[in-house]
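Subject: Structure handover

Hello,

Here is the structure I said I would pass on. My notes on it follow below.

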Amino acid sequence: MLANDRATAVQADSQAPFYEAAGDEAAVFRAAARGGLPVLLKGPTGCGKTRFVQAMAHELGRELITVAGHEDMTSADLVGRFLLKGGETVWVDGPLTRAVRAGAICYLDEVVEARQDTVVVIHPLTDHRRELALDRLGTALPAAPGFQLVISYNPGYQSVLKNIKESTRQRFVAIELGFPPAEAETRIVAREAGIDAATAGALVGLGNAVRGLDGSPLREVASTRMLILAGVLVAHGLSLRGAVQAAVVQVLSDDPDVVRALGELADAVLPRP
Ligand SMILES: Nc1ncnc2c1ncn2[C@@H]1O[C@H](COP(=O)(O)OP(=O)(O)OP(=O)(O)O)[C@@H](O)[C@H]1O
Ligand SMILES: [Mg+2]
């Protein structure tokens, strides 16, 4: 029996999303989840925010409902709306309402790009009331136990303060995710791309060289995601240099001078073929 139980446990674990922690982010998230506190996840693109939330939801055994923010998003997109179905008007829950009812984690990805009325909807969910106003139905829905709001944003190019009032913002617990330390990032790149540790290490070395550029003209630096994509190209037969050119250098900039400079940096940093 015990052996069987163990086999089940291992199988369940093998379905856990792979997430390599860089610091105490998991401990902070767990404590916030237990306390029912909303979380603000900040970090550059491709640094593991989405993967982190997926891993935490799995660990906590909570359903994860993800909403991708965009500038035209309205509160109805989050909360729900009346729709005409077969001649009848029926109410259809939006993703936030579904999460509030189900006690799920609602991950609002880059929701700070959204309009102000979406932020108004979020506010009462973040304080002691923990309720969602369904104005169109004339009710307020209390959040089921387990409901947790997680908002992500990239402080590099969004002015979150423009859209989130300080009084809302201060109800969140903030977790900052950056790029992982080289050793950890090498394990991530090797595993996700399916390449050996030496190749992954070379890609991470290049990534860190790009990140360390002084007075960089780049909008964004090389992300873990970008290094993984280069690794995938290598795993499928491209040379390391070819992969770096296609997945890193040409993606980071369109400016011929910058592209040339990045190419030279890659030549200097990558091991000789
Ligand atoms: N710490 C990590 N552990 C495991 N995988 C990681 C980690 N960080 C990044 N990754 C890998 O990098 C990819 C990109 O990460 P993810 O999609 O979570 O980034 P993100 O921060 O959500 O980016 P964006 O802001 O663009 O949405 C993941 O699919 C995963 O393969
Ligand atoms: Mg993401």
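The shell around ligand 1 draws on both domain 1 (2-176) and domain 2 (182-269), with at least three residues from each; these domain bounds come from an automatic or database domain assignment. The model is predicted: local features need pLDDT of at least 70, side-chain atom pairs count only at pLDDT 80 or more, and totals for chains, interfaces and linings use all residues. Residues are numbered from 1 along each chain as its sequence is written, while chains are lettered from A and ligands numbered from 1 in the order in which they are written.

Ligand 1 has 18 residues around it, and Thr 45, Gly 48, Lys 49, Thr 50 and Arg 51 come nearest (a residue is near if its C-beta atom, placed from the backbone, lies within 6 Å). At least two shell residues come from each of α3 (49-60), α9 (182-193) and α11 (224-235); helices are DSSP runs of H or I with at least four residues, numbered from the N terminus.

α11 also packs against α12 (residues 240-252), at an angle of about 150° and with the axes 8 Å apart. Axes are lines fitted to C-alpha atoms over the stretch in contact, and angles run from 0 to 180 degrees between N-to-C directions. α11 and α12 are therefore roughly antiparallel (over 145 degrees).

For α10 (residues 197-211) and α13 (residues 256-269), the angle is about 135° and the axes are 10 Å apart.

Regards

Technical notes: Parallel < 35°, antiparallel > 145°, perpendicular 65-115°, else oblique.
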